[in-house]
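Let's take a walk through a structure together, one piece at a time. Keep the 3D view open as you read.

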Amino acid sequence: MKLNFNDTILDISSNGKIFTLTLDDKTIHAEVLHSDREAPPHGGNGKLDLLIDGQHLTAYVSSDNAKRWVTVNGQTCVLTKSSGARKGGHAPHAAGELTAPMPGQVRAVNISEGDTVTKGQTLLVLEAMKMEIRVQAPRDGVVKKLFVKQGQTVEREQILIEIVDTLES
Amino acid sequence: MNTFKKILIANRGEIAIRIMRACKELGIKTVAVYSDADKNALHVQHADEAIHLANSSPADSYLNTDKLIRAALDSNADAIHPGYGFLSENASFAREVVSAISSPQGKLTFIGPSADSIRLMGDKAESKIRMKQAGVPTVPGFEGLESENDFKQAAQEVGYPVLVKAAAGGGGKGMRVVNHENELSESIESARREALNAFGDERLLVEKYIPNAHHIEFQVFGDQHGNLLHLFERECSVQRRYQKIIEETPSPLLTPELREEMGQAAVKAAQAVGYYNAGTVEFIVDPDTLKFYFLEMNTRLQVEHPVTELTTGLDLVHWQIRVAAGERFPYSQEGLTQRGHAVECRIYAEDPANGFLPSTGNLLQFIEPRGPGIRVDSGFTSGDEVTHFYDPLLAKLIVHAENREIAIQRMQAALKEFIVHGVIANIDFLQAVLSHSDFRNGVVTTRWVETNFNWAPPSEPSMESLVAAALADLTIANRQSKIENRSGPDPYSPWKNPSGFRN
């Protein structure tokens, strides 16, 4: 079977306890020596003792939808699993769309739709964990659309403002 | 000896739990307070009783003086421990606590210094005058500024770059470096807002910004009978966004002579405001001249107090409680020594690769390291939600060893065993700092992370992590999928709890 993480395809077959994985033209033999799973509701999260090409290592793996959090040898990475049928991730944002660099709350909105803004101008202020981030205009333009209100909670990457060169279409 | 029967902890997270542990050890009952977001938080579970304050906004909950005092009275607590942050350095809170009428058992005690000491050290104008009188060197700057023009003039006189910081500040909140006049008004505005939210006080001051300095602070401790000592230094120069991330003691910069001199200055500073209980006198030290300047005094327990505890053998929270109840602090300066070396790493829910911005989410796995010489002061457990409302500190990892080199090795090994999944943590970043030659050589200054340290996470996942993810999907994942496929419509995650982590 095939699994795809971060656009790397792993071709996997098993023979008893031994898994043979092919990725990037490399063939790897691996064995799960032991696994500890957390109790529900975290049943997909746990610890694996692995033998990878004869090397023993411990991996911690957690799952959140398509995301996999993996810690091996003290290093943590976040992988995205793709089903192949559709690609993970969002459509790229339009050039003039400003997105939230962090999750948090909109503390101040300094502009309205239709306002002319200049490069570097602070358009709104986000706050999370008592820390403030100023969302600034990346270039001169006009605010075409304001997607958020003061006090609103936003997720990381959520679209906040759309800026265009001119309002005429 | 008079002692407390029940203490309300006006805080949350790891520090609330750390204080509750001390209370338990001393046979004192504990009362937790919590906001909506913290309904299921670990600190609530650690307490003997818990009182709901308000919604999740800090201003309505952990900064709400009236509600906190009412909670203490309603629960028949006889003292309030403020922890750090929130209202811990708010003089009017301390005053209101001690003047609250709490029949039938008498007065409430504020576990900390007197309201006057807090006010004097919180008021930078007054504190600077006193420091100079006491012979403690200070950073050039101005206080008591009101209009934008005041700030402009002050900044000009001091000379850019200047530091605009909250007069009631601490922990780097409400602080901005201003390099040019055109950044000044916006920095003032945002520092003000941050200060108001973090401390309930929007006053700011301006002082000369001294880059390339070490941040070295001295723990002081005193009782209400006039015994006031220092408990040596903490080196806190590894900072990002003017907030500490790694602290250690002893400082690799200090000679025994300079330690002695700074320790005496710290005691003088504290004596100048009639200080008792735990406090920290912060200095900046120029590594070229070894000149030191009083920065500020934090009139509370410090986040990094554990490194002092491990090297002096004293439990600072025990003693905070005991001297607040009127006990004498039975030590003398000559009787105190530093034993071995201690290092603390702050485990933050933040993304070093994204400008250290906070990361929120559900902790899918949260596994703390254990072992000889390892201490973890933590506020979270697996399954907890890390929200955007409060400080991003997840836990403090502290190690103690016979010398600096072994302490660093111990920290590196312990960090490898600290597993945080579900929010991005700064663990890999901390590892990179610890293994850097500048850190090894003890020459890190407060702007080092921003100016000298380029770090990026690996751009490609390792082969091992890809294999581990795949085998996890095929083994631990699949067993549960048999149960959950019946109800789980999500094809991406056949083994996830159908109720979901995010409700």
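What follows goes from the chains to the domains, then to the cores, and ends with some backbone details. Before we set off, remember that this is a predicted model.

Let's start with chain A. There are 16 strands in chain A and zero helices. Of the 169 residues in chain A, 31% are buried. If you take the contacts in chain A between residues at least 6 apart in sequence, 36% of them join residues at least 24 apart.

Now look at where the two chains meet. How many residues of chain B are in contact with chain A? On the chain B side there are 52, and they are in contact with 62 residues of chain A. Several elements of chain B each supply at least two residues to that side, including helix 8, helix 12 (404-416) and helix 17 (476-484). Helix 16 of chain B gives the largest share, with 11 residues. Sorted by class, the side of chain B that touches chain A has 24 nonpolar, 18 polar and 10 charged residues.

Where they touch, 22 residues of domain 1 of chain B are in contact with 25 residues of domain 3 of chain B. On the domain 1 side, helix 1 and helix 2 (42-46) of chain B are the elements that give two or more residues. The largest share of that side, six residues, comes from helix 1 of chain B. That side divides into 11 nonpolar, seven polar and four charged residues.

So what about the inside? The largest nonpolar core has 84 residues, and B:Leu8, B:Ile80 and B:Phe283 are among those with the most contacts inside it. Helix 1 (residues 13-25) of chain B supplies the largest share of this core, seven residues. Why does the core lie between domain 1 and domain 3 of chain B? Because both of these domains give residues to it. Apart from this core lies another one, of 68 residues, with B:Ala349 and B:Phe439 among them.

Let's zoom in on a pair of helices. Helix 7 (residues 148-158) and helix 8 (residues 184-199) of chain B have axes that come within 10 Å and cross at roughly 115°. Their crossing is right-handed. Helix 7 of chain B makes the contact with B:Glu148, B:Phe151, B:Lys152 and B:Ala155, while helix 8 of chain B uses B:Leu184, B:Ser185 and B:Ile188. By class, this contact has four nonpolar, one polar and two charged residues.

Finally, here are some backbone details. The peptide bond from B:Tyr160 to B:Pro161 is cis, and B:Pro161 sits in the loop between helix 7 and strand 7 (162-166) of chain B. Another cis peptide bond joins B:Thr249 and B:Pro250, with omega about -5°.

Is each one buried or exposed? A:Asp7, in the loop between strand 1 (2-5) and strand 2 (8-15) of chain A, counts as exposed because it has 9 C-beta neighbours inside 10 Å. B:Asn277, in strand 13 (residues 277-285) of chain B, is buried, with 25 other C-beta atoms within 10 Å.

Technical notes:
Residues numbered from 1 in each chain as written. Chains lettered and ligands numbered in written order. Predicted model: local features only at pLDDT ≥ 70, side-chain atom pairs only at ≥ 80, totals over all residues. Core = buried A, V, L, I, M, F, W, Y, C linked by C-beta atoms within 7 Å. Buried ≥ 20, exposed ≤ 12 C-beta atoms within 10 Å, placed from the backbone. Helix = DSSP H or I, 4+ residues; strand = E, 2+ residues; numbered from the N terminus. Domains from an automatic or database assignment. Axes fitted to C-alpha atoms, helices over the stretch in contact; angles between N-to-C directions. Left-handed = near helix turned anticlockwise from the far one by under 90°. Contact = placed C-beta atoms within 7 Å. Nonpolar A, V, L, I, M, F, W, Y, C, P; charged D, E, K, R; others polar.
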